[in-house]
Amino acid sequence: MQNFRHNQSESRYDRSTVNMAIRDMQNSVQDNSEENLRALLVAVADHRDKAAFRALFDHFGPKVKAFGFARLSQQGLAMDLVQETLTTVWTKAHLFDADKGNVSTWVYAIMRNQCFDMLRRVKHNREDAFGDDLWPLFEADESSGEFGDHKLDNMLTQYLSSLPKLQREVVQGIYLQELSQQELAEKLGVPLGTIKSRLRLGLEKLKSLLEKHHD
């Protein structure tokens, strides 16, 4: 499967089209069509166009900040998430593949992965909180359907079934059956530490599979 840069000729976006899309986006912030977002991303990928990146930043920045504040609970960390996410968009724009989803899907996948990494750094000494903080990154935002992604939901279900049996039953027990870790340990007849270990391994595996799909 060729990447988005190689597919530029097929997308029929020449330089004049890109410039027009940039001007249109700057003149009307409400023009959030996939065609415009894709044209701006082409300009970043192929021409390192700072004006196009600025338009993408203005469009996605507030949305990423809102997501980050809801998950990280600190304004500073939310702003760090904006910077990390949009910097990755700048450096990896050429890797976008339209066959795997639209621009928003791609950007929000980057956002989730960056948020996961930040949570892991911030809370690496709080093992009990690890799973509770990680799982919502793969769910649709409860207050808005904007970050929801049916493709990601379907993939998560598929990847869940691919986990080793012991990890899968723990992830399902905690997040689908809504059992506490202690309740699940008693149900399975294993130590609480074993539940924590299997949960961590299972969630790490899910995150790795999602990252691989969107690279």
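## Overall make-up

How many helices and how many strands does the secondary structure of the chain come to? The chain has 11 helices and 0 strands, where helices (H or I, at least four residues) and strands (E, at least two) are DSSP runs numbered from the N terminus. Of its 215 residues, 46% count as buried, meaning under 20% relative accessible area with a 1.4 Å probe and protein chains only. Among contacts (heavy atoms within 4.5 Å) with a separation of 6 or more, 63% come from residues 24 or more positions apart.

A word on the model: it is predicted, with local features needing pLDDT of at least 70 and side-chain atom pairs counting only at pLDDT 80 or more, while totals for chains, interfaces and linings use all residues. Residues are numbered from 1 along each chain as its sequence is written, and side-chain values use heavy atoms, leaving out hydrogens and water.

## Aromatic pairs

The whole structure holds 4 aromatic pairs. Rings of Phe, Tyr and Trp (its six-membered ring) pair if their centres lie within 6.5 Å, and planes over 60 degrees apart count as edge-to-face. One of the pairs is Phe 60 with Tyr 108, edge-to-face at 5.9 Å centre to centre and 85° between the planes. Because Phe 60 sits in helix 4 (residues 50-72) and Tyr 108 in helix 6 (residues 103-122), this pair ties together parts 48 residues apart in sequence. Both Phe 60 and Tyr 108 are buried.

Phe 96 and Trp 106 also pair edge-to-face, at 5.6 Å centre to centre with 70° between the planes. Phe 96 is in the loop between helix 5 (75-92) and helix 6, and Trp 106 is in helix 6, 10 residues apart. Phe 96 counts as buried at 1% relative accessibility, and Trp 106 counts as buried at 7%.

## Around Trp 90

Over the face of Trp 90 lies Arg 48, 4.1 Å from the ring centre; the cut-offs here are CZ of Arg within 6 Å of the ring centre and within 35 degrees of the ring normal.

## Helix 3 against helix 4

Helix 3 (residues 34-47) packs on helix 4 at an angle of about 135°, with the axes 8 Å apart. Axes are lines fitted to C-alpha atoms over the stretch in contact, and angles run from 0 to 180 degrees between N-to-C directions. On the helix 3 side, the contact includes Leu 37, Leu 40 and Val 44. Helix 4 contributes residues including Phe 53, His 59 and Phe 60.

Technical notes
Rings of Phe, Tyr and Trp (its six-membered ring) pair if their centres lie within 6.5 Å; planes under 30 degrees apart count as stacked, over 60 as edge-to-face and the rest as tilted. Buried means under 20% relative accessible area, exposed over 50%, partly exposed in between (1.4 Å probe, protein chains only).
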